[in-house]
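Have the sequence and the 3D view to hand as you read.

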Amino acid sequence: MNASLFSLGPFDLNIWNILFLIVLFYFAYRGKRIALGMLNKYVRKTEIRIQGKKLAWIKLLSQSIYLLAFYIAVLSLRVNNPGVDFDDLLNYPIIKLSKIKIAFYHIIVIITVLFLARLAVFISRLYIARKLKDNPKYNEGNLYIYTQLAKYVIYIFSILFCFQALNIPLSNLL
């Protein structure tokens, strides 16, 4: 029962690790459902109307349960791998080519950069909308054009930053 079944990155997994991971993610799933159910009951009971932005934040908070479960899962793998820690998982190479090495850390950086880019697009859209509404020549088409232009610029810079974070030379793109 304690024999290693297979390796997942730097971790050796046995049957107890797999059973614990299944139970942990089941409880995370159920916990998320229970938390959303309790929140829905409270919102209906107090007759609170939740707008789209607040609902997105509530969903983000409920999904953070999975992030906590993932962190507990990594910590639980240390039971039969005492010399391996979270840094070893972050630095473990997922893809290793001659010039390109992609580790789990790089994936987290890319997700963070794209999330921040999306947040920057949202903020720029709000800023442009406020500035244009004060203009007497306000037009929905102008708002669309300026927000699209800002979106393209933000996403291009974020993609270039992701290439830089992955140590991919930008001269190869030309």
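## Aromatic pairs

Tyr26 has a relative accessible area of 48%, so it is partly exposed. Phe27, at 56% relative accessibility, counts as exposed. In this predicted model, the ring centres of Tyr26 and Phe27 lie 5.9 Å apart with the planes at 55°, and the pair is therefore tilted.

The count of aromatic pairs comes to 2. Phe70 and Phe104 form a tilted pair as well, with ring centres 5.9 Å apart and planes at 40°. Because Phe70 sits in helix H2 and Phe104 in helix H4 (residues 104-133), this pair ties together parts that are 34 residues apart in sequence. Phe70 is partly exposed, with a relative accessible area of 29%, and Phe104 is also partly exposed, at 23%.

## Overall layout

Let us step back to the whole chain. It holds 5 helices and 4 strands, and from the N terminus on they follow the order β-β-α-α-α-β-β-α-α. Of the contacts with a separation of 6 or more, 51% come from residues 24 or more positions apart.

Of the 174 residues in the chain, 22% count as buried. The largest nonpolar core has 11 residues in all: Phe11, Leu13, Leu21, Leu24, Ala28, Ala69, Ala73, Val74, Leu77, Val84 and Leu89. Strand S2 (11-13), helix H1 (15-46) and H2 each contribute at least two residues to this core. A second, separate core is made of 5 residues, among them Ile128, Leu132, Leu143 and Ala150.

Which residues does Phe11 touch, not counting those up to four places away in sequence? The partners of Phe11 are Phe6, Val74, Leu77, Asn81, Val84, Asp85 and Leu89.

## A closer look at Ile72

Ile72 belongs to helix H2 (residues 52-76) and, at 33% relative accessibility, counts as partly exposed. Leaving aside neighbours within four places in sequence, Ile72 is in contact with Phe20 and Leu24. Ile72 and Phe25 are 47 residues apart in sequence, and their C-alpha atoms are 10.0 Å apart in space.

## The surface

The accessible surface of the chain comes to about 13,400 Å², and 66% of this belongs to carbon and sulfur atoms. A nonpolar patch on the surface is formed by Tyr144, Ile145, Tyr146, Leu149, Tyr152, Val153, Ile156, Phe157, Leu160 and Leu170, which together have about 1,000 Å² of accessible area. One of these residues, Ile156, is found in helix H5 (residues 140-165).

Methods:
Residues numbered from 1 in each chain as written. Predicted model: local features only at pLDDT ≥ 70, side-chain atom pairs only at ≥ 80, totals over all residues. Heavy atoms only, no water. Patch = residues over 30% accessible without salt bridge, like charges linked within 9 Å, V, L, I, M, F, W, Y side chains within 5 Å. Areas by Shrake-Rupley, 256 points an atom, 1.4 Å probe, with all protein chains shown as cover. Salt bridge = Lys/Arg side-chain N within 4 Å of Asp/Glu carboxyl O. Buried < 20%, exposed > 50% of the residue type's maximum accessible area, 1.4 Å probe, protein only. Contact = heavy atoms within 4.5 Å. Core = buried A, V, L, I, M, F, W, Y, C linked by side-chain atoms within 4.5 Å. Phe/Tyr/Trp six-rings, centres within 6.5 Å; stacked < 30°, edge-to-face > 60°.
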